[in-house]
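Hi,

Here's the structure I promised to pass on. Could you have a look when you get a minute?

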Amino acid sequence: MSFDFKKDQREYYCPPVRPHVVFVPQMRYLSISGEGRCPQSDEPVFSLLRNVASALRDAPRCGHDCPGFQDYVLPPPEMMTWKEGRRTLWKRLYRLPDFFSHEDVEWALAYVSGKKRIDVGSIMMETISEGMCAQMLCQDKSARKVREELSAYIASFGYREDTGPVRPLHEILLSSRRIVLRIPIA
């Protein structure tokens with residue numbers, strides 16, 4: 001049976017539709033960063049990241065040996081955004097299972113670059129620690145309305161939002177109508 005983050009780590013990928021606090025441990029991701037308007041899931045920068053994530057998932061079938069490899073379902077795309085002055089910065093992410101090493105990611109980058117003849121130099125593997133966060137499932141509500149609801153919840157319990165370059169606003173795109181919104185708190 002394949003490992004599936006959405007089923008096996010429901011507390012992070014399938015939260016309730018009401019705000020709640022969760023501790024998010026260190027997690028490893030494939031990431032690509034940029035500035036300005038955050039690209040949507042159908043734009044080229046995002047498909048580039050998805051190609052590398054898919055190559056890693058299919059590594060054994062492509063002839064690459066990953067010690068400890070276990071079949072898994074490609075997780076949903078994620079994004080983080082934050083402001084630095086007037087600039088909006090973003091990261092697009094795909095979660096990686098813990099058994100992948102930097103060497104495995106380097107293999108996938110070379111594999112995609114060679115096979116598809118595209119530049120993957122802006123993609124990297126990184127570990128992100130979010131810590132204490134407030135989150136909820138945004139389903140059939142606007143992200144703005146959910147953000148307001150989460151902000152009110154955070155304030156009602158005496159927390160404050162702690163977003164910035166180290167702990168950005170985090171969205172997990174489960175489908176076009178279902179998004180997990182996560183805000184770091186202190």
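Below is what turned up, starting with the ground rules.

This is a predicted model, so local features need pLDDT of at least 70 and side-chain atom pairs count only at pLDDT 80 or more, while totals for chains, interfaces and linings use all residues. Residues are numbered from 1 along each chain as its sequence is written, and side-chain values use heavy atoms, with hydrogens and water left out.

Aromatics: rings of Phe, Tyr and Trp (its six-membered ring) pair if their centres lie within 6.5 Å, with planes under 30 degrees apart counted as stacked, over 60 as edge-to-face and the rest as tilted. That rule gives ten aromatic pairs. One of them is Phe99 with Phe100, a tilted pair at 4.7 Å centre to centre and 55° between the planes. Ring pairs also join Phe69, Tyr72, Phe99 and Phe100 into a cluster. Phe100 has a relative accessible area of 1%, so it is buried (under 20%; exposed is over 50%, partly exposed in between, with a 1.4 Å probe and protein chains only).

Pro16 sits in the loop between α2 (10–13) and β1 (20–24). At 32% relative accessibility, Pro16 is partly exposed. Leaving aside residues up to four places away in sequence, Pro16 touches Met136 and Leu137 (contact means heavy atoms within 4.5 Å).

Cheers

Definitions and conventions. Helices (H or I, at least four residues) and strands (E, at least two) are DSSP runs, numbered from the N terminus.
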